[in-house]
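Welcome! Here is a short tour for anyone meeting this structure for the first time. Take a look at it first, and then read on.

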Amino acid sequence: MSRAFGDFILKDHGVIATPDIWYHRLTSSDQFIVLASDGVWDVLSNEEVASIVWMVESEEEAARAVVEAATAAWAKKFPSSRVDDCTVVCHFLQKKPQNLEYMDSGKLG
């Protein structure tokens, strides 16, 4: 339930309103930021999300593609469970390079 960020009223219903936070000092080599609910991180790794974001041209497409991948992963990994909320926001920190051939070498930015 992505609306639960900071919403302590739902605590009695099992919704944890305190997000996990990691700090990273941004550098000129950082390409994007992904903010996602736990439903995404429960089924996709950082590397999987990064590779999905690298494949698309816009922030909106990136968010949609990550949600679609997470939803599909939930159905595959937990077929008898309901899909957890998968909410994603992607923000590109700089314009994407036109030539993405270096991705094939396994180097993610």
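Which residues have the most contacts inside the largest nonpolar core? They are Val40, Leu44, Val53, Val66 and Val88, in a core of 22 residues. A nonpolar core here is a set of buried Ala, Val, Leu, Ile, Met, Phe, Trp, Tyr and Cys residues joined through side-chain atoms within 4.5 Å. The elements β1, α2, α3 and β2 each give two or more residues to this core, and α3 supplies its largest share, 7 residues.

Before going further, a word on the model. It is predicted, so to speak of local features takes a pLDDT of at least 70 and side-chain atom pairs count only at pLDDT 80 or more, while totals for chains, interfaces and linings use all residues. Residues are numbered from 1 along each chain as its sequence is written, and side-chain values use heavy atoms, with hydrogens and water left out.

**The overall layout**

The protein chain has 3 helices and 2 strands, which follow one another from the N terminus as β-α-α-α-β. Helices (H or I, at least four residues) and strands (E, at least two) are DSSP runs, numbered from the N terminus. Of the 109 residues in the protein chain, 28% are buried; buried means under 20% relative accessible area, exposed over 50%, and partly exposed in between (1.4 Å probe, protein chains only). Among contacts (heavy atoms within 4.5 Å) with a separation of 6 or more, 65% join residues 24 or more positions apart.

**Around helix α2**

Helix α2 spans residues 46–54, and its buried residues are Val49, Ala50, Ile52, Val53 and Trp54. The cover over them includes β1 (32–36), α1 (38–41), α3 (59–77) and β2 (88–92). Val49 is also one of the residues touched by Val40, along with Val66, Ala70, Asp85, Cys86, Thr87 and Val88, leaving aside residues up to four places away in sequence.

**Aromatic pairs**

How many aromatic pairs are there? The count is 2. Rings of Phe, Tyr and Trp (its six-membered ring) pair if their centres lie within 6.5 Å; planes under 30 degrees apart count as stacked, over 60 as edge-to-face and the rest as tilted.

| Pair | Centre to centre | Angle between planes | Kind |
|---|---|---|---|
| Phe32 and Trp54 | 6.1 Å | 75 degrees | edge-to-face |
| Trp74 and Phe78 | 4.9 Å | 45 degrees | tilted |

Phe32 in strand β1 and Trp54 in helix α2 are 22 residues apart, so this pair links distant parts of the chain. Trp54 is buried, at 1% relative accessible area. In the other pair, Trp74 is buried at 9%, whereas Phe78 is partly exposed at 34%.

**Out on the surface**

The whole structure holds 1 salt bridge, a term for a side-chain nitrogen of Lys or Arg within 4 Å of a carboxyl oxygen of Asp or Glu. It joins the side chains of Arg64 and Glu60, at 3.0 Å from N to O. Both lie in helix α3, 4 residues apart, about one turn of the helix. Arg64 is partly exposed at 44% relative accessibility, and Glu60 is exposed at 54%.

The protein chain exposes about 8000 Å², with 55% of it supplied by carbon and sulfur atoms. Accessible areas come from the Shrake-Rupley method with a 1.4 Å probe, and for residues only the protein chains shown count as cover.
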